[in-house]
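Please look through the sequence and the structure shown here.

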Amino acid sequence: MSNLIVGASSGLGREIAYEFARNSKNLILISRNLKDLEILKSDLEIKFKIEVNVFQLDFSDLNKVSKFILDNKKVLEKIDGVLFPIGMMRENDNIKNSNDDLIGIFSANFYSINFFITHILNIFEEKKNGFIVGFGSISGAIGREINVSYSSAKRALENYFESLIISNLKNHIKVQFYILGYLDTNLSFEKKLLLPKGSPVNLAKIVYKNLDKKGIKKFFPFWWIFIDMAIKILPFFITKKIIKFFN
Amino acid sequence: MTKKKIYSLDKNYSADIFFKRPDKYKEIEIISSKFENIITMGSCNSYTPASFRKNALSIQLTKFNRIIEFDKSQKLITVEAGIMLSDLFNFTLARGLWVPQIPGYPTITIGGAIASNSHGKSCGFHGTIKKQIKRIKIFHKLHGWLNLSNEENKDIFDLTIGGLGLTGSIVEVQLRLEELSGNNFVTKIIETDSSNDTVKKINFDVKKETYCYSWNRSDSFKNFGKGFVFQNELNISSNNKLTKNIKLNNSDINKNFIINFWNKYSVFFAQSVYQNYFKFLKSKQHEESFQKAIFPFIGKEFYFKLFGKKGFLESQIIVPFDKTEVFIDEVETIFKKHDPLITLYSLKNFKGEQKNLQFENDGICFTFDFVKNSKNLFFMDELDKICEKHLLTPSIIKDSRLKLETIEKCYKDLNRFKEEINKFDNKRIYKSTLTDKLMI
């Protein structure tokens, strides 16, 4: 049996792969970057003596995801759980995105995950077991000027995972969702941020520890829950004025 | 992209740089394509400004830290160049293998060790790290991905080892590993009464696998050269496997105290305590863990911090065996005249053939650490004159103050190295503050 990690070649996905490997779990790793996946596979197999299979797949292309599911039914039937530490950003993601950018960003951050889970759910329901872990972003808490489509897709994903949690309360499928603030990955490297960055290594540990828990929705780092609450409590006309003040 | 101010470990150079830490292969290509001047950075532990340049991009490869292949029977390992020595050794030592030619701090990356052609405490026996390198993969903005070895692109392979990162980013490396029999070391302490006596005692048997170095006093002319030779030999009889594991502490070697604590009195006090501890309290033969013998600076990072914000200077010079007496004589003469403030004075054996900018030669390697002040700078200028006069080998990677004039006289291959680098990289993309100083 294996655990499937989508977006495993870098950042949080890579740290989750190491955490699972440290716990002697076999892995199936998916990413756009085959070279990085192959090196990660070598390192994990050499250091932890586990079995790792890798697949190159671009989640920004829903057709490719669909084909992958069709071509790898037997592989997917053997998985214990699936994690989606995936996120795709584009440099000029603003209010006027092109059609291609919109489709790409929404596919990678929402549609493909949703589509993949639909198929996985059938397998897990048959097995009466399995876990699904998703990762949102605090950027989805409120509209913004940059990463407009990314944050919209992450808000949609959060909504979808809430539905997933609610729909699976009465069975053995465990669904967890983490809303991420700043993480210390290459995306935030050397960026001056208002709040401290969370460690992806620590988050990977938390994710692994919570795998058996049902219906989790957590913020990481934890203090983002207060910011999220404040955003949701404040009427939009006040939030709007605060944003205007800081801009 | 925001800029970051970065310092050399000796604190003598700083620059505002563009800084990126990619974690994907494609990212190295994308980032490199966006900048005119690039240099690769490991852990940024170099004494000199070898991994940064004002307004240039420093690509830090610490996320490229994985093991790609391991063949125990052939004793070969392929790793990404950003792997720290501690991570590499925690894997290989558990399998009775290692690379002996490694510098004294475990957070240094293997790529950094190759770009500076590092050596260890057993350099009189093992030479430098170039002996262990079988293959290198680099990325160069103009040439793309290149495999380098004695069989493939040999000229670039030779330029890359000790080449200060000028041939591009070292991304992957295949190393020949050596067996490490035994689990820890037996350290013998031999007292010496002068620098010449230290040379005799340190050079006792270069054919034996001994990790040998000295500690000598430098607080006054009267005490200059007195000290100890430490001979670390592998302890085959010990079965304590735990001693091989390398544990880093959380101390940041790059962060110094605000003020300098080293002065004539504190150096005298520290050296007197150290000498008396080893003379009267420490057993003349004792067991030492792998970590303590090979990485003696772990846990002693405060030594660097004590130099304060102004930092320190280090001079490392290889003196051929037949010139050690005259070198010591001349150093003692200038010591008596200028009374410099030297915080560390140490000797070790060296073996190798100098090529390009590689810090190598057969002889004794003398190391001096200085507080940064005008008196010491004058003393170091006098040391340079001795180097030039006797054509000794001063270390470019340790002494950030070293003048081009001295390097030109002491490194016969400098001009040829420049020509070959210019031929390979005619746009001179890969540069650092250090190589600017060398006019490369």
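**A strand and its partners**

In chain B, strand 17 (residues 342-350) and strand 18 run antiparallel and are joined by eight bridges. Strands here are DSSP runs of E, at least two residues long, and helices are runs of H or I of at least four residues, both numbered from the N terminus; two strands pair if DSSP finds at least two bridges between them. Within this pair, Lys348(B) stands opposite Cys365(B) of strand 18.

This is a predicted model, in which local features need pLDDT of at least 70 and side-chain atom pairs count only at pLDDT 80 or more, while totals for chains, interfaces and linings use all residues. Residues are numbered from 1 along each chain as its sequence is written, chains are lettered from A and ligands numbered from 1 in the order in which they are written, and side-chain values use heavy atoms, with hydrogens and water left out.

Strand 16 (residues 312-319) of chain B is also joined to strand 18 of chain B by eight bridges, again antiparallel. There Phe312(B) stands opposite Val371(B). Strand 18 (residues 363-371) of chain B is largely enclosed by the rest of the structure, because nine of its nine residues are buried (under 20% relative accessible area, 1.4 Å probe, protein chains only).

Chain A has nine helices and seven strands. Along its principal axes, the C-alpha trace of chain A spans about 55 × 40 × 35 Å. Buried residues make up 51% of the 247 residues in chain A. Among contacts (heavy atoms within 4.5 Å) in chain A between residues at least 6 apart in sequence, 71% join residues at least 24 apart.

Key. Buried < 20%, exposed > 50% of the residue type's maximum accessible area, 1.4 Å probe, protein only.
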